[in-house]
Number of protein chains: 4
Amino acid sequence: MISVGVVGATGYAGGELLRLLLRHPRVEIATITSRGHAGAALTDWFPNLRGETDLRFSEPQVENLADCDLAFFATPNGTAMQMVPQLLAAGTRVIDLGADFRIKDVKVWSQWYGLEHACPELVEEAVYGLPEVNRQAIRAARLVANPGCYPTAVQLGFLPLVEQGLVDLDHLVADAKSGASGAGRQPKQNTMLTEVAESFRAYGASGHRHLPEIQQGLARAAGRPVELTFVPHLIPIIRGIHATLYGRLLDSEVDLQALYEKRFRDEAFVDVMPPGSHPETRTVRGINVCRIAVHRPDPGRVVVLVVEDNLVKGAAGQAVQNMNLMFGLNERVGLADIAVIP
Amino acid sequence: MISVGVVGATGYAGGELLRLLLRHPRVEIATITSRGHAGAALTDWFPNLRGETDLRFSEPQVENLADCDLAFFATPNGTAMQMVPQLLAAGTRVIDLGADFRIKDVKVWSQWYGLEHACPELVEEAVYGLPEVNRQAIRAARLVANPGCYPTAVQLGFLPLVEQGLVDLDHLVADAKSGASGAGRQPKQNTMLTEVAESFRAYGASGHRHLPEIQQGLARAAGRPVELTFVPHLIPIIRGIHATLYGRLLDSEVDLQALYEKRFRDEAFVDVMPPGSHPETRTVRGINVCRIAVHRPDPGRVVVLVVEDNLVKGAAGQAVQNMNLMFGLNERVGLADIAVIP
Amino acid sequence: MISVGVVGATGYAGGELLRLLLRHPRVEIATITSRGHAGAALTDWFPNLRGETDLRFSEPQVENLADCDLAFFATPNGTAMQMVPQLLAAGTRVIDLGADFRIKDVKVWSQWYGLEHACPELVEEAVYGLPEVNRQAIRAARLVANPGCYPTAVQLGFLPLVEQGLVDLDHLVADAKSGASGAGRQPKQNTMLTEVAESFRAYGASGHRHLPEIQQGLARAAGRPVELTFVPHLIPIIRGIHATLYGRLLDSEVDLQALYEKRFRDEAFVDVMPPGSHPETRTVRGINVCRIAVHRPDPGRVVVLVVEDNLVKGAAGQAVQNMNLMFGLNERVGLADIAVIP
Amino acid sequence: MISVGVVGATGYAGGELLRLLLRHPRVEIATITSRGHAGAALTDWFPNLRGETDLRFSEPQVENLADCDLAFFATPNGTAMQMVPQLLAAGTRVIDLGADFRIKDVKVWSQWYGLEHACPELVEEAVYGLPEVNRQAIRAARLVANPGCYPTAVQLGFLPLVEQGLVDLDHLVADAKSGASGAGRQPKQNTMLTEVAESFRAYGASGHRHLPEIQQGLARAAGRPVELTFVPHLIPIIRGIHATLYGRLLDSEVDLQALYEKRFRDEAFVDVMPPGSHPETRTVRGINVCRIAVHRPDPGRVVVLVVEDNLVKGAAGQAVQNMNLMFGLNERVGLADIAVIP
């Protein structure tokens, strides 16, 4: 059994992680923490877990976590980096669901996140936890930077094209849409049902934190920098990301369907749909699957449609996938749910 | 008073038109028709109109409509073209909310709509009813082709750039999203709440009927053909279109905000929002306004955000605006509602 | 022109009031106030009002309001009672959309609202602003206590039965459901879209503040106390109240449909629907109408279905209706909108 | 392994049943049928099952089903009774998710369902499949009538009171609300998102088919007839039933919380919540749990709040629970999912 701790378990990513871990046959949840809610029952925050657990929050302290084999951080950006050095020193491996270790260029990270980094030396060591790219490195990692929700969808959708040099890397467009859980559980006026239901809007059209993360990943796949326009939007639903990706094809002869099917043939959690498909976010609600469809509206252009659950393949599910890799388990263990439709 | 008839008034565009016309101070509704529902009360189909009217549907017959000054067609594509020649001959002017007269190239029209055109000679005469482009011609028109919902939003958003030659016309992208009322009132499995709520998806990624209409309008503005990738999506809300437009700037010095403000300065129904804005579809719900915000995420690229109500500025409201022009009224008459928030 | 001030205009009732007042032909908005947001533009809080007004908030001060003919309070409970005595002394009439003056028994009020009353002597003078009951008194009132949202729906639905002594007054049941705007605009976890969408729940099943208000009104109509079980529920929509009322009929011969039609025959804002109807909240969205249908599932029992918009007939619209009465206008002025469907 | 067939698997109850059966460790799905869609892949109708199964529909024929140990009918009312006699004769046991065998009084059944019964002799044999009442009989049954969605919630909520004679059986009220999946998958205007979203309404206020089923069950528990007013409502969500039950207490001293906890202490799928709770439908989305909270707003009255997923504990999940009983398995097998929140 893997003994795990979850730091920051009152938020959506943390709660989703616990839903998955409670059913994971190889995991023992040793401790869950929440600054400010120590003593409260997990089920007070997640009533769906009634009858499943009597876990209570404790204060996030290195001592408690250091006994675990693995600590997950589902905390606001800037929190994990304060505790990770001590945990690694104590032999506890770490998966950070936040952004602290995602961007290799610490200066860029500081610009976008408005913080000075507490342990820049660990940023280099951290493995970017996208298994479809970094599987081998993840297996051996002490510290995994779990990807952001948008970056997971956008990278998976562009990767086959970018890796093969099939699109103009100076003019990529990612029009992305997310359900409201992507904004977190902290109440704000712009997350109230009364303000966002029956409406639709973009945000961050002039710049969003996930842009450098996406560009870093695509640049690594391409072997050169890429230029991407990325605009996120808020869908008035709870969960789900839909990314619509646009590119100019450099090779108008390539069989795009075959390219995608081959690239993801051995991937348990990427579903390349049949030609002409339009994936729906509801088909991945609550599960660790990313579905992709590729279209060519005219010979010179490609449109890729990608869906995922922002809290599962975009956060907690991918974290469990990474844990499975890190501890030598089959990648699918604990991730076999079927989405509920309707 | 303008005596009007509305053909096809059981659908959403027709019902919305009647809501507006019932409050229009210069309009007298002479007849409303519905094939198959003659005799039924309008309020059976639109319970919001209870207490406002006792209109009943009659069969759509040229004789009844020929007494009107103006006939609106809110009918399935292919219906209006069967009756319009006789009505024009009888001196009744026509606004078609359908697509029969929108595409000047009748061959292209037939390809996309799968019908042979019944009166190609009238296609040339028809005026495309986008007042922000064709105001003078609309005033004099006998026959107005009211624009499609997506084409209204996408054209208004791109026009300032395209008219001034500021963007690369070979690589335009329009990622558009619409509420479910855009799919009409005919029940289908994919318009059921149980199938579309709490989900998001694209449709028509390989081609959509509104593409040639948009390209025709932008080409006219540009004086040359344009290449556009257009992907529509379904938002699980009732009303509202959000178009996110992407272009490569040819002139990185231009003041985009000033360009848009100047272009639409005298337009009653186009609201250019302050720099940095993200318009919300709810702010135009039920009203004839198109709101636009322009962003430049980096020097070489432009992102334009456009919202409208697909049934108002995208259909019935624009039809009333066109009627006002055709009959010498102030364009704003009957179109002064304020959107309801929250 | 009536010169009005609106106190507390950043909330939903206040914003809705301003939407209505901006179109009211006999009103001049002299001042709007918001503690803590003085200087901000009204349109920052209500983007639907862009282009309609350049009003800005000022601090709520008696001096400014004392110049108005009428002050509306759309403030948290306990605020109006601090300023009303001075305003009345200055000759400014008042409509309080909050609960400060609704309950005649000040002790009962204090128990439910947890406050000591600042001006109990004015509670007696205040006229309960339900025009269908108190029309004459409202015309002459200096101070009107605008009814709560649930109390408006439940009283209107029960009144014909209670006034005529047709139901067992010891066993009334009101099962009421409200959209989320009834919870106000203050962000809390339980008003987030992510927490309330795609779900349904009751609240206050053991007791709710609107119970004594309803019982007071029904008791006055009955001439004796009534016993009511009242359970409110949260519908995951923005606006709308649906009250389902249950009673035991004492007279199994009465023609319920005729009773309701006669009771509300002269009421502009109460629509008694045809037998067998099931009113929908969407038909009253944004308008000042209450629709009622009466059913008799078996000879001894009655079920009354009532819908209203909680922010209009349940708050701001009724306040305008009361203003019209107080200032000798036709009750319908400024309240002629048609609901938007779909 | 239990070999099962599912008749009518294109609808919501059938699809949900297959989602559960595909993960059930003791079940082998031998055949799925759909009149009119033979040959189609199950995943065309339920895209959430992509990658889980390659089942295709066959025509519903007794021969195929007669090889199964168990046949589930998830068909329109009136279908199962045509095939059940032959299947039972062939030794295949049956669970009917429809209403054909629920009402013991065949005349009453015919009145409400508008059909003549094809095998009234089997109605008497059929066991009503509410395990919390009929567990022993279900174990031995050849034919189980799976309860309706509303009847499951209303009966479970009233049972402790009715069994103990604690409420006035002549004046029960059940105000019930259901998500739109309760209306089935056949497209109709009143199930379109555009018609039901952002709205709320009752239906069947003068009488609903589930009333006699509920009354039959409660009468059996009480040992005498009961009088119930039952009004269903449509919530604009996909799944979930909330029943709010009202009763007059005959004994004002009884400890209601203890009563409910004791009654359901050994029930795996009934969760009696702590005092003061308000259960949310989202907490049972996709799972076979019924949560109940009991309130006493004043000494003489009781309010019971009940939630379930209409497609799980109200249909397919309860059917699996019944299957487990019929085949000697632990009742919980295959029913251990956790609801997804948010």
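Analyst: Two strands are counted as paired if DSSP finds at least two bridges between them. Helices (H or I, at least four residues) and strands (E, at least two) are DSSP runs, numbered from the N terminus. This is a predicted model, in which local features need pLDDT of at least 70 and side-chain atom pairs count only at pLDDT 80 or more, while totals for chains, interfaces and linings use all residues. Residues are numbered from 1 along each chain as its sequence is written, chains are lettered from A and ligands numbered from 1 in the order in which they are written, and side-chain values use heavy atoms, leaving out hydrogens and water.

In chain A, seven strands form an open sheet with mixed pairing, in the order 9-10-8-11-14-13-12. Its edges are strand 9 (201–202) and strand 12 (270–272) of chain A, each of which pairs on one side only. Within the sheet, strand 11 (residues 241–248) and strand 14 (residues 301–308) of chain A run antiparallel and are joined by eight bridges. A:His242, for instance, has A:Val307 in strand 14 of chain A as its bridge partner.

Two helices lie across this sheet. Helix 10 (residues 210–222) of chain A lies across strand 8 (172–178) and strand 10 (228–234) of chain A, at about 135° to strand 10 of chain A. Helix 11 (residues 256–263) of chain A lies across strand 12, strand 13 (290–298) and strand 14 of chain A, at about 160° to strand 13 of chain A. Axes are lines fitted to C-alpha atoms, for helices over the stretch in contact (heavy atoms within 4.5 Å), and angles run from 0 to 180 degrees between N-to-C directions.

The salt bridges come next. A salt bridge is a side-chain nitrogen of Lys or Arg within 4 Å of a carboxyl oxygen of Asp or Glu. In chain A, a network of salt bridges links A:Glu16, A:Arg19, A:Arg239, A:Asp309 and A:Asp337. In chain B, B:Glu16 and B:Arg239 form a salt bridge, with the closest N and O atoms 2.6 Å apart. This pair is 223 residues apart, joining helix 1 (residues 12–22) of chain B to the loop between strand 10 (228–234) and strand 11 (241–248) of chain B. Both B:Glu16 and B:Arg239 are buried, where buried means under 20% relative accessible area, exposed over 50% and partly exposed in between (1.4 Å probe, protein chains only). B:Asp337 and B:Arg19 also meet in a salt bridge (3.4 Å, N to O). B:Asp337 counts as partly exposed because its relative accessibility is 34%, whereas B:Arg19, at 5%, counts as buried.
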